[in-house]
Amino acid sequence: MSIVINNSKNVFLLQTVSNSYAFGIDDQGLVRHLYWGKRIETVEDFEMPVLTEVSTNDPVYEITPEEFPVYGSLRYKEHCLKVTFADGTREVVYEYVGYQIEKTEAYDELILELKDQYYALKIELHYKVYEKYDLMERFVVLHNESNEAMEVEQLQSGQFHIPYEDLNFTNVHGHWGAEQQRFVQKVSYGKILIENRRGISSHNHNPYFILDKDATETSGDVYFGALRRTGNFSGVVEQTPYGETLVQLGLNAHDFCLKLQAGETFTSPAIICGYSNSGFETMSHNLHNFAKDFILRAGLRPVLYNSWEATEFGVTCEEQKKLAKRAQELGAELFVVDDGWFGERNGIENGLGDWYVNEEKFPNGIDELIKEVKSLGLLFGIWVEPEMVNPPTKLYAEHPDWIYHFDTRESDTSRGQYVLDMTKVEVQNFVYQMLDDLLSYHEIDYIKWDANRPISQTNLHKDIWYRHIEAVYDIVKKLKEKHPNVLFEACASGGGRIDYGILGIFDDFWTSDNTDAYDRLTVQDSYSYIYPIKAMRAWVTDCPNFISNRVISMKFRFHSAMMGTLGIGCNILKFTEEDSNLSKEMIALYKKIRPIIQEGDFYRLQNTSENDYHLYEYTKEAEGLVFAFLPQTKIGHRKVTVKLRGLKKEAVYSVILETKEIKKSGAYLMQHGFDLCLTGDYASTLIQFKEIERR
């Protein structure tokens, strides 16, 4: 049983394969957290501690580890819910009503029912238990059962209690071209706040938390949670004076107010959360496997060619045909036309919103190109930025009220564009119809959906930060119902929409506009802690790189991009014969090993050398591979000992090191390992191995 209840004590125990999570209802009706950690078998062991005040300045509410603290009474700590009722009361006082249990094939769900003692507000705390993945999913449902509106000013999806101090907190920081820069900081007294206020999720921080007690990849306590929400979020980590660390994660209260009308229900974003007592690797595997099994679309992702860096806005039908033919010769499976195919789009200042095919660039329409691409046996994809409009366009001239704006203020342009008010039904209908027409009248297999600026002038409705993203979700869901074979890529000025909210609604993530193969190792490493490799789109592009001005060998560039779902973004019409031959070889190799990379288990291997090696392992069933990178050889030319993980101790494996084969047991390869020595700058290699016998 994954949900065990002691009704006499009002204690709830949620069980996964390795872990337990416990909470209960005390004699005051408070929902109190009791435990989160390694599995405890019996619910009868849990007791409800008696709480006493430290002093009148440390009331019981401050000391109590509450599952869902609300605003009001003698609470001065962070709260998950703040509501203003119709009569102006700004305090929630709940009482416990009961619980329900629902069972499905995938999970068991506990629903805890609370209600305000005076007002007709019902609060449901939901806990889905994914037993075999050692994961839970938490969210909150609010029901306004009154005849008057209520205003929800704060809603966090859950509070977590971790029974340690001096933990390490991990997240990412960054900006355009430098997304997913992992950082670790010590949690002490004071609060750590991560958030986004721009309307997208993740250039600056990402909506998740990782807290560890000096963990490594394979050892130590790790607590984690990822929010299933794109857009504005906030997370707070606080070490309390009472010997524990608290975490909250949910909607950002900045400029937010949700008016919950009479009879309405609102569901918070969910948090996928878990605990590992065996380090970061277990955390990553549990999240990756959950995403692959429950969130992501089945099937392998195609090798993509994107024309942006070859042509930028200078798109023409004939040039795209040449690129498509060359891409097919190299082994690509999907050809994507990026920005510049529509309207008067010759730069960033015009075109967005006028989604008709540019007749000068495509005098016979875009179907001429699509027909050519299809004749080559390739899938066809196209770039769009549906949430935006440029001021000079016909769309803006006809509908100036369709953007976020104040009548008495000049609206901001950023990158020469406004943001369409996606909370308006007529705007939603326009965006859906435009995309549906594209997909219905043209043989399009792939949509790259971009968003290149933050939201501003958010009119009088403080819930637009939530409703805008819901509109995007709903449009894509509706399109995928009608066009089930079309793949969607989430791109937002690079990696601005990497989160578990959009994952599964979209199929691929564009992780950064920075395509420098060395920089991408950092981006991809940070990404891998939480997000599945199968959704990580990566390109091979030209050198010198447009951001770093760095020149890197073609082989290194391919190996870096092959760590995810492979894409090519070079001007392949300028390839030398050597470039072409290597590209054909690498793309063919990727197709063979793609099931291991996209569907296998991923490992961040330890670097045992003074040299700056980067080592990544992938395994699937009896096969596996390692990507090894050495950006620069240091004095001494130190080798590295590669110790594999995830093998069967008793099995014998064949390991191919360049032209050399070694045969060793799984135990030997994991404990002793094998030596590898790369030399030079931007050196890399791919090592393949497979199980050949059992002893």
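Buried means under 20% relative accessible area, exposed over 50%, and partly exposed in between, with a 1.4 Å probe and protein chains only. This is a predicted model: local features need pLDDT of at least 70, side-chain atom pairs count only at pLDDT 80 or more, and totals for chains, interfaces and linings use all residues. Residues are numbered from 1 along each chain as its sequence is written, and side-chain values use heavy atoms, with hydrogens and water left out.

**View 1. Helix α2 is mostly covered.** Of its 17 residues, 13 are buried. Helices (H or I, at least four residues) and strands (E, at least two) are DSSP runs numbered from the N terminus. Helix α2 covers residues 279–295. The expected span of a helix is 1.5 Å times one less than its number of residues. For α2 that gives 24 Å, and the end C-alpha atoms are 24 Å apart, so the two values agree.

**View 2. Helix α10 is mostly covered too.** Seven of its eight residues are buried. They are M554, F556, R557, F558, H559, S560 and A561. The cover includes helices α9 (517–528) and α11 (577–599). Strands β29, β30 (565–568), β33 (623–630) and β38 (683–694) are also included. Contact here means heavy atoms within 4.5 Å.

**View 3. Helices α7 and α8 pack roughly parallel to each other.** Two packed helices are described by the angle between their axes and the distance between the axes. The axes of α7 (residues 425–441) and α8 (residues 464–482) come within 10 Å and cross at roughly 30°. Axes are lines fitted to C-alpha atoms, for helices over the stretch in contact, and angles run from 0 to 180 degrees between N-to-C directions. Angles under 35 degrees count as roughly parallel, over 145 as roughly antiparallel, 65 to 115 as roughly perpendicular and the rest as oblique. From α7, the contact uses Q428, V431, Y432, L435, D436, L439 and S440. From α8, it uses A471, I475, K478, L479 and K482. These residues divide into seven nonpolar, two polar and three charged. Ala, Val, Leu, Ile, Met, Phe, Trp, Tyr, Cys and Pro count as nonpolar, Asp, Glu, Lys and Arg as charged, and the others, Gly among them, as polar.

**View 4. R326 sits in helix α4 (residues 317–330).** R326 counts as buried because its relative accessibility is 19%. Neighbours within four places in sequence aside, R326 contacts I572, L573 and S580.

**View 5. W308 lies in helix α3 (residues 308–311).** W308 is partly exposed, at 22% relative accessible area. W308 and D338 are 30 residues apart along the chain, yet their C-alpha atoms are separated by 5.3 Å. Not counting residues up to four places away in sequence, W308 touches F313, D338 and D339.

View 6. Most residues other than glycine have a negative phi, and most peptide bonds are trans. D134 is not a glycine, but has a positive phi of about 55°. D134 lies in the loop between β8 (121–130) and β9 (135–144) and is buried, at 10%. R415 also has a positive phi, near 55°. Its loop runs between α6 (394–398) and β25 (418–419). R415 is partly exposed, at 29% relative accessibility. A cis peptide bond joins C543 and P544, with omega about 0°. P544 lies in the loop between β29 (536–540) and α10 (554–561).
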